[in-house]
Amino acid sequence: VLGFLGPNGAGKSTTIRTLLGLISPTSGSATFLGNNAFENQVAQRKIIGYLSGSPSYYNNYTAGDFLNFLALIRKVDCKNVIEDYSDRLKLDLSKKVGELSKGNRQKVGVIQAFMHRPKIIFLDEPTSGLDPLVQMEFEKILDEAKNRGAAVLLSSHVMSEVEHLADRVAIINEGKLIILE
């Protein structure tokens, strides 16, 4: 787990969106498991999980239908994982996403980022809106992914969270890496 820190506007979310291919890089390179991150992005996305700092959903779907729709797109059977994570995070899958509180919408985002057992996971402010007990369960899910061998980039403004969860820390400011320890 790499903690990714920096002040607002430092470039954390932009870096993540660039690595995901949502924004074109102006220079530089990146590789995922030895493959160029900017080539064959359809194949790359199969091994990547992503939770945006400001996720958006299909509000008329139930949480369960939305998550199952994402699994269908990925062509991965995630039914049991979705049920397990929703039980653990106390998410009612029968409620429409548009009717969920911020914290419950964040739970949907956590599940969609982890449900297909990705090898690389990008988390942008993953605990935003989660209550302390749910944060503890999130940490267990993160530890399970780490123990499976997943690489995680965790962007957060909460120093104690990064200190607790990360094995290494990168600090960025004005789009430049300041330190990696």
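This is a predicted model: local features need pLDDT of at least 70, side-chain atom pairs count only at pLDDT 80 or more; totals for chains, interfaces and linings use all residues.

**Entry 1: cavities**

My search turned up 1 cavity of 30 Å³ or more. The space inside the largest cavity comes to about 30 Å³.

Next I asked which residues line the largest cavity. I got L19, L20, F32, A37, Q41, Q44, R45 and I48. Sorted by class, that lining has 5 nonpolar, 2 polar and 1 charged residues. I also looked up which element gives the largest share of the lining. Helix α2 (residues 41–46) does, with 3 residues.

**Entry 2: salt bridges**

How many salt bridges does a search of the whole structure find? I noted 6.

I went to R88 and E137 and wrote down 2.6 Å between the closest N and O atoms of this salt bridge. R88 sits in helix α4 (residues 79–89) and E137 in helix α6 (residues 132–147), so the pair ties together parts that are 49 residues apart in sequence. Is E137 buried or exposed? E137 has a relative accessible area of 15%, which is under the 20% cut-off, so I put it down as buried.

R88 has another entry on my page: E144 forms a salt bridge with R88, and here the closest N and O atoms are 2.8 Å apart. This pair also links distant parts of the chain, with E144 in helix α6 and R88 in helix α4, 56 residues apart. For E144 I noted 30% relative accessibility, so it counts as partly exposed.

Then I checked D167 with K146, a salt bridge whose closest N and O atoms are 2.8 Å apart. D167 is in the loop between α7 (159–165) and β7 (168–173), while K146 is in helix α6; the two are 21 residues apart, and the pair links distant parts of the chain. Both partners count as partly exposed: D167 at 48% relative accessibility, K146 at 30%.

**Entry 3: L123**

I found L123 in strand β5 (residues 120–124). Its relative accessible area is 0%, so L123 is buried.

What does L123 touch, leaving aside its neighbours within four places in sequence? I noted contacts with L51, A113, F114, F138, L142, V152, L153, L154 and S155. I also took a C-alpha distance from L123 to Y85: the two are 38 residues apart along the chain, and their C-alpha atoms are separated by 17 Å.

**Entry 4: the whole chain**

Stepping back, I counted 7 helices and 8 strands in the protein chain. The radius of gyration is 16 Å, close to the 16 Å that the globule rule gives for 181 residues, so I can call the chain as compact as a globular protein of that length. I laid the C-alpha trace along its principal axes and got a span of about 45 × 35 × 30 Å.

How much of the chain is buried? Buried residues make up 45% of the 181 residues. For contacts, I took those between residues at least 6 apart in sequence, and 70% of them join residues at least 24 apart.

**Entry 5: positive phi**

Most residues other than glycine have a negative phi, so I went looking for exceptions. I wrote down two.

One is L33, with phi near 50 degrees, a positive value in a residue other than glycine. L33 is in the loop between β2 (31–32) and β3 (35–36). With a relative accessible area of 58%, it is over the 50% cut-off, so I marked L33 as exposed.

The other is K90, not a glycine either, with a positive phi of about 60 degrees. Where does K90 lie? I found K90 in the loop between α4 and α5 (102–114). Its relative accessibility is 63%, so K90 counts as exposed too.

Terms used: Residues are numbered from 1 along each chain as its sequence is written. Side-chain values use heavy atoms; hydrogens and water are left out. On a 1 Å grid over the protein atoms alone, a cavity is a set of points where a 1.4 Å probe fits but cannot get out, and a pocket is an open set with protein on both sides within 12 Å along at least five of seven lines; lining residues have an atom within 4 Å of a point. Grid points are joined across faces, edges and corners, and a volume is the space filled by probe spheres set on the points. Helices (H or I, at least four residues) and strands (E, at least two) are DSSP runs, numbered from the N terminus. Ala, Val, Leu, Ile, Met, Phe, Trp, Tyr, Cys and Pro count as nonpolar, Asp, Glu, Lys and Arg as charged, and the others, Gly among them, as polar. A salt bridge is a side-chain nitrogen of Lys or Arg within 4 Å of a carboxyl oxygen of Asp or Glu. Buried means under 20% relative accessible area, exposed over 50%, partly exposed in between (1.4 Å probe, protein chains only). Contact means heavy atoms within 4.5 Å. The radius of gyration is taken over C-alpha atoms; the globule rule is 2.2 Å times the number of residues to the power 0.38.
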